Amino acid sequence: MSATEAASDSAESYPQLPATSWAVLGMLTLGEGLTGYDLKKWADWSIGYFYWSPSVSQIYAELKKLEKAGFVTSEVVSEPGERGRRVYQITEAGTRAARNWSRDAPVEQPVLKHGLMLRLWMGHLNDPEHLKQLVRTHIANLEDLCDQTVRRGKLASNEPAWAYTVMSLEWSQKYFQNEIDLAHDLLTQIDRATEIYAEADPVDRFGNPVLREQGVWRSGDI
């Protein structure tokens with residue numbers, strides 16, 4: 001892209017769209033005509049490991065908005081004896097918008113919603129051995145995800161156009177491995193937390209611990 005073209009592609013030249021729209025446009029920039037179902041499968045195959053995988057209904061809803069905006073086009077493709085499929089392709093305007101968004105959008109703080117840690121945070125409500133079993137299940141799930149990213153990264157490495165996909169899958173594999181290491185450390189930390197919790201003051205009539213000093217979390221210093 002020339003300097004003149006780059007200058008014309010200002011930060012204002014991409015609209016405010018939900019992340020699902022940019023994910024859909026991003027997948028369509030790789031030169032394939034895809035159905036909504038194709039996009040769902042590809043999201044599960046790639047971006048689902050480091051961002052999230054939208055539902056089929058979400059994808060179709062976004063495709064309708066993108067087509068209305070002129071960012072994608074669609075046509076019904078039929079094979080003999082088969083039901084027609086609506087196939088979507090990105091337009092020049094859609095490519096430009098996706099490029100500008102990926103270049104100029106603010107870098108946001110990742111949002112972590114860790115269901116297991118929320119349950120461990122309430123660990124005083126459960127037996128330590130049960131907590132450890134939850135962690136072991138978490139580790140097994142992560143190991144499966146690690147294996148998937150390795151396999152798909154190897155497959156994607158055969159296609160030069162997917163170089164950044166391979167990079168993202170390799171990052172995901174390292175992320176999952178780090179999470180596995182942290183989870184193994186949790187098994188030891190649960191024992192330590194159990195020892196410390198034994199020193200807590202007597203429980204109330206519901207079995208909940210009684211804090212020695214209530215409202216400490218209201219302080220701006222913690």
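Helix H2 (residues 19-28) is mostly covered, with eight of its 10 residues buried. The model is predicted: local features need pLDDT of at least 70, side-chain atom pairs count only at pLDDT 80 or more, and totals for chains, interfaces and linings use all residues. Residues are numbered from 1 along each chain as its sequence is written, and side-chain values use heavy atoms, leaving out hydrogens and water.

- The buried residues of H2 (under 20% relative accessible area; exposed is over 50%, partly exposed in between; 1.4 Å probe, protein chains only) are Thr-20, Ser-21, Trp-22, Ala-23, Val-24, Leu-25, Met-27 and Leu-28.
- These residues pack (heavy atoms within 4.5 Å) against helices H3 (36-45), H4 (56-68) and H5 (92-104), and against strands S1 (72-77) and S2 (85-90).
- Helices (H or I, at least four residues) and strands (E, at least two) are DSSP runs, numbered from the N terminus.

**Aromatic pairs**

- Rings of Phe, Tyr and Trp (its six-membered ring) pair if their centres lie within 6.5 Å; planes under 30 degrees apart count as stacked, over 60 as edge-to-face and the rest as tilted.
- The count by this rule is eight aromatic pairs.
- Trp-45 and Trp-162 form a tilted pair, because their ring centres are 5.7 Å apart and their planes stand at 50°.
- This pair links distant parts of the chain, 117 residues apart: Trp-45 lies in helix H3, and Trp-162 in the loop between helix H7 (128-156) and helix H8 (163-197).
- Trp-45 counts as buried, at 17% relative accessibility.
- Tyr-51 and Trp-52 make an edge-to-face pair, 4.7 Å centre to centre with 65° between the planes.
- Tyr-51 counts as exposed at 54% relative accessibility, whereas Trp-52 is partly exposed at 24% relative accessible area.
- Tyr-49, Trp-171, Tyr-175 and Phe-176 are linked into a cluster by ring pairs.
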